[in-house]
Amino acid sequence: MDSKQRKGTSNRRKQRHLKSVAIPTTLGTSKYRSKFEAGVAASLNERRVPFQYETLTLDYVIEAKYTPDFILPNGVIIETKGRLLKEDRRKMIAVKKQHPELDIRFVFQNGNDKISRAKRSVTYGQWATRHGFKWSSGFIPNSWYST
């Protein structure tokens, strides 16, 4: 191993060590979400700059547009999904919150598909029910045309 390879290995070891070590702050000892944050905190401490770490939480709204897949004559909005991605779930919850007067329903290709591969993951249908959406698997029920 040449000197450059050894130096790179040493730096990686320091970075791994940095992640697992709690860095003292002006408020006591904190753990950081990344090696980079821990490094910035260490730099501030070395320069004796007082700071707070993740003590403030701010709400925010992302402005975007939603275009429904289908709108039935009775005003029912149908959103069809083969896959229900995290971004889709977040978007639909935000749309429902900002437009509670709308009747938005899902038709999943398979409502029994799981949201993730985790053993205890919920299905698409369970997610929809939990968040107050009516849903169907595979087709639009006849009862949805007349409501």
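Hi everyone, let's start with Arg48, which counts as exposed because its relative accessibility is 74% (exposed is over 50% relative accessible area, buried under 20%, partly exposed in between, with a 1.4 Å probe and protein chains only). Before going on, please keep in mind that this is a predicted model, where local features need pLDDT of at least 70 and side-chain atom pairs count only at pLDDT 80 or more, while totals for chains, interfaces and linings use all residues. Residues are numbered from 1 along each chain as its sequence is written, and side-chain values use heavy atoms, with hydrogens and water left out.

Back to Arg48, then. This residue sits in the loop between H2 and S3, and its phi is positive, about 55°, although Arg48 is not a glycine. Most residues other than glycine have a negative phi. Glu54 belongs to that loop between H2 and S3 too; its phi is near 50°, again positive in a residue other than glycine. Glu54 is partly exposed, at 46% relative accessibility.

One more stop in the loop between H2 and strand S3 (70-71) is Ile62. Buried or exposed, what would you say for Ile62? With 56% relative accessibility, Ile62 counts as exposed.

Helices are DSSP runs of H or I with at least four residues, strands are runs of E with at least two, and both are numbered from the N terminus. H2 covers residues 35-46, and its twelve residues should span 16 Å at 1.5 Å a residue; the end C-alpha atoms are 16 Å apart, so the two agree (the expected span is 1.5 Å times one less than the number of residues). Its buried residues are Ala38, Ala41 and Ala42. They are on the same side of H2, because they cover an arc of only 100° around the axis, taken from the directions from the helix axis to the C-beta atoms.

Finally, the largest nonpolar core, which has 13 residues; Met92, Ile104, Phe106, Trp127 and Phe133 touch the most other members. Such a core is a set of buried Ala, Val, Leu, Ile, Met, Phe, Trp, Tyr and Cys residues joined through side-chain atoms within 4.5 Å. Helix H3 (86-98), strand S5 (104-108) and helix H4 (124-130) each supply at least two of its residues. Beyond four places in sequence, the contacts of Phe133 include Met92, Ile104, Phe106 and Trp127, contact meaning heavy atoms within 4.5 Å.
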